[in-house]
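Trainee: Could you give me a close look at the salt bridges here? After that, I'd be glad to hear about anything else worth a visit.

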Amino acid sequence: MPGAEVVAVYPNKIKIAVHEIADLGRGEPVEVGSYLRIYDSNNSSIIAIIENYSIEVRGQESVDGEREKVYLIEAVPLGFIGEDGKFQRGGGGIAIPPKEVTVASHDQIQKIYDALGDDIRRFHFAQLSQDRKVAVPVDGDRFFNRHIAIVGSTGSGKSHAMARIIQAATGIRDRKRGEYSLNNSHIVIFDIHSEYLSAFPDANYLSVDSLILPYWLLNSEELQDLFIESVEEQSHNQVATLKRGITENRRKHYAGSDEKRDLIHYDSPLFFDIGEVIGYIQAKNDEMVPGSSGKQVNGPLKGKLVNFLTRLENKYTDRRLDFLLGERVKKVTLEEVLRQFTGYRKDSPSNVTIVDLSGVPFEVLSISVSLISRLLFDYAFYYKKAHAEGRAETPILVVYEEAHKYVPRSDLSRFSASRGAIERIAKEGRKYGITAAIVSQRPAEISETIFSQCSNFLAMRLTNPEDQRYVRRLIPDSLGPLTDSLPMLSSGEALLLGDSAVMPSVVKLREANPAPSSSDVCYMQEWIRPWHDVIFGPLLEDWEK
């Protein structure tokens, strides 16, 4: 009787009866997650991963009172190895009935992953979880060109995974060109919890104290999100007055020709003075006009813009918004703003730009993310357009940490600007060399338009059933039961799927070095120490500021 035989083949599952586990393994361990190689008579084979097994007792009792035990293994097919030895996704054309079943050896599995070759597209940041000696590379062009989603519950290792990927990307070099300090990678991280500076100590770090995000670069939608309350009775008058005031003020401060001045509109990325615009709106609120009898009467907006003016002045004088509305933003150029986000600092350029959002007030968080995203997209668009060959020579990866906080599945107007900007990157960015990496612990709360554009997934431990269902539905590889491992993955493990992967794999990511400051608090380590006195002065000074 053979050691193992295929007893059923389904479109997404293969059932195998094993009489002697030792014969199946041939020295290799056999466990849930092991890879099997199922051969046919033409030396073609299917690679499958063991999903589960059961034991069936058959036949009559023997003389010593024992009955035959048969192991019934169910395995999920991942891909097909043809007679040429090359691996390809899908079921392939294996002949029926399959002839032989064995556990795939370490060398056989590594050869499958090595099908990517050793060219510059090979990008490596993880090992196979089931066999840490097996390196699991991806096609780097497909990985960074098709948008990335990294999802997992708190503590699953998302930030460490993202940091490790970025460290690997900034570390690659073309050895033919000799040694050099910086490669041409450009990564922008929206860091909402101040986690990434420890992982990238040499990064271009932009906190709320050093960030310069000029209000005059906001588009019409962002300006209205910032200044207009759509539920107010006079909101239509507020919008019309704001539009007229800003357009006229942009034209006033424009130093070019009259012909070009006439072309300036509400959305033109040109300077306007917000203080002067507030003065214009105040004048409209106080305006008196000649009546039919020649006497002065109330203007059409007399007294109708009081709430609007109060809101404008409160935000204009709010010191927390100096990075957006303060005096320092009136003195910068568009070039200086772009250099700030693309890492082209004049003193010392940097591969990684960290935009620390932890100090950004929540009411302007969405607008801040929207403006930076839109500036990066426009930079990529106009860079490619300006070059004759149309090459995106400075491709950018934009990392959206805790993305559900500013691009949720919500129709609230305060998220419309950021959702529109990031959806534009998700839908059109690939053509211009700008890619989004969506990182979230709550994928079910993210805009489906954005998440569905991702073609590469690192699905880490997910314990929320709604999130599990959401990921299963959107993952491009229809793997069915393989995703059942999502709630049981250990920290640092992930289900790697997508266009860039040779085949879907449960991988263990290498540790980021240095690591982001997102580790769990060591309560017992701290609590067993003697009482620790806190110096409140510096804490309160920073808080009040």
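Mentor: Happy to. Let's begin with a group: Arg 442, Glu 445, Glu 466 and Asp 467 are linked in a network of salt bridges, a salt bridge being a side-chain nitrogen of Lys or Arg within 4 Å of a carboxyl oxygen of Asp or Glu. Before we go on, please keep in mind that this is a predicted model, where local features need pLDDT of at least 70 and side-chain atom pairs count only at pLDDT 80 or more, while totals for chains, interfaces and linings use all residues. Residues are numbered from 1 along each chain as its sequence is written, and side-chain values use heavy atoms, with hydrogens and water left out.

By the salt-bridge rule, the count comes to 22. One of them joins Glu 276 to Lys 252, with the closest N and O atoms 3.1 Å apart. This pair links distant parts of the chain, 24 residues apart: Glu 276 sits in helix 8 (residues 274-286) and Lys 252 in helix 6 (residues 235-253). Helices here are DSSP runs of H or I with at least four residues, strands are runs of E with at least two, and both are numbered from the N terminus. Glu 276 is partly exposed, because its relative accessible area is 30%, whereas Lys 252 counts as exposed at 57%. The cut-offs are under 20% relative accessible area for buried and over 50% for exposed, with partly exposed in between (1.4 Å probe, protein chains only).

Arg 261 and Asp 258 both lie in helix 7 (residues 258-261), 3 residues apart, which is about one turn of the helix. Their closest N and O atoms are 2.4 Å apart in the salt bridge, and Asp 258 counts as exposed at 56% relative accessibility.

Beyond the charged pairs, the backbone has a few stops for you. His 147 has phi near 70 degrees, a positive value in a residue other than glycine. You will find His 147 in the loop between helix 3 (140-145) and strand 10 (148-151), buried with a relative accessible area of 4%. Ser 194 is not a glycine either, yet its phi is positive at about 55 degrees; its place is the loop between strand 11 (186-191) and strand 12 (204-206), and Ser 194 is partly exposed, with a relative accessible area of 30%. The peptide bond from Asn 513 to Pro 514 is cis, with omega near 0 degrees, and Pro 514 belongs to the loop between strand 20 (505-509) and helix 16.

Let's finish at helix 16 (residues 523-527), where Trp 527 is found. Trp 527 counts as exposed at 63% relative accessibility.
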